[in-house]
Amino acid sequence: MGNELPSMFGFNFNYNKMADTTKKGEEVILKIGTKMLAGITSHDFDFSKDMLETTDMNTVAGTKTYIAGRGGATISVEGIHKPGGGGTHEDFFTLLAAAQSGTEVDVYRGSLVATESYLSMKGLISGVANKAADNSPANYSCNIQVTGAITISTVAAG
């Protein structure tokens, strides 16, 4: 019988177990422009679409109907404050300056591995915070409002 699933609908399914391609959090990078952010401990990407209600008096009783409207995304970032970023990374001060000026930034999120996917988009930094507590590393957080289209691309091979 091997890799076959039982026939439930008049035909057999033949499958091969897929390789585990689970990504660890540290394998998903976030870049602002050409540099990664210094000290990142987490970043979240949230995309949603508006649902526009189209229910009218002739809609089937007790139900609602919808169509998809416009979509948008936000990115939330948390990290340990590492001033200067070693020259190869952006830091809290760069984020704050971009937020104050309203500068649109290029944002990349995803893999750096050849043939894997990443997202590219433009964003505005809508909020930046910095926290320093006794006996703890100083940290920062940042919110990015994505503006315009989000492009899904593949990292070029070699």
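**Side chains and sheet of a predicted model**

User: Over the ring of which residue does the charged end of K31 sit?

Analyst: This is a predicted model, in which local features need pLDDT of at least 70, side-chain atom pairs count only at pLDDT 80 or more, and totals for chains, interfaces and linings use all residues. Residues are numbered from 1 along each chain as its sequence is written, and side-chain values use heavy atoms, with hydrogens and water left out. A charge sits over a ring if NZ of Lys or CZ of Arg is within 6 Å of the ring centre and within 35 degrees of the ring normal. The charged end of K31 lies 5.6 Å from the centre of the ring concerned, that of Y108.

User: Is I32 buried or exposed?

Analyst: I32 belongs to strand β3, residues 29-32 (strands are DSSP runs of E, at least two residues, and helices runs of H or I, at least four, numbered from the N terminus). Leaving aside residues up to four places away in sequence, I32 touches L37, E90, L95, V105, D106, V107 and I144 (contact means heavy atoms within 4.5 Å). Buried means under 20% relative accessible area, exposed over 50% and partly exposed in between, with a 1.4 Å probe and protein chains only. The relative accessible area of I32 is 8%, so this residue is buried.

User: Which strands stand at the edges of the open sheet of 8 strands?

Analyst: With mixed pairing, the sheet has the order β5-β6-β10-β9-β8-β3-β4-β7 (two strands pair if DSSP finds at least two bridges between them). One side of each edge strand is left without a neighbour in the sheet because each has a single partner strand; the two are β5 (40-53) and β7 (89-90).

User: What is the bridge partner of E104 in β9?

Analyst: Strands β8 (residues 104-110) and β9 (residues 117-131) run antiparallel and are joined by 7 bridges. For E104, the partner in β9 is L124.

User: Which residues form the aromatic pair that is edge-to-face?

Analyst: Rings of Phe, Tyr and Trp (its six-membered ring) pair if their centres lie within 6.5 Å; planes under 30 degrees apart count as stacked, over 60 as edge-to-face and the rest as tilted. The whole structure has 1 aromatic pair. Its centres are 5.4 Å apart with 70° between the planes, and its members are F92 and F93.

User: Where is T115, which has a positive phi of about 75°?

Analyst: T115 has this positive phi although it is not a glycine. At 57% relative accessibility, T115 counts as exposed. Its place is in the loop between β8 and β9.
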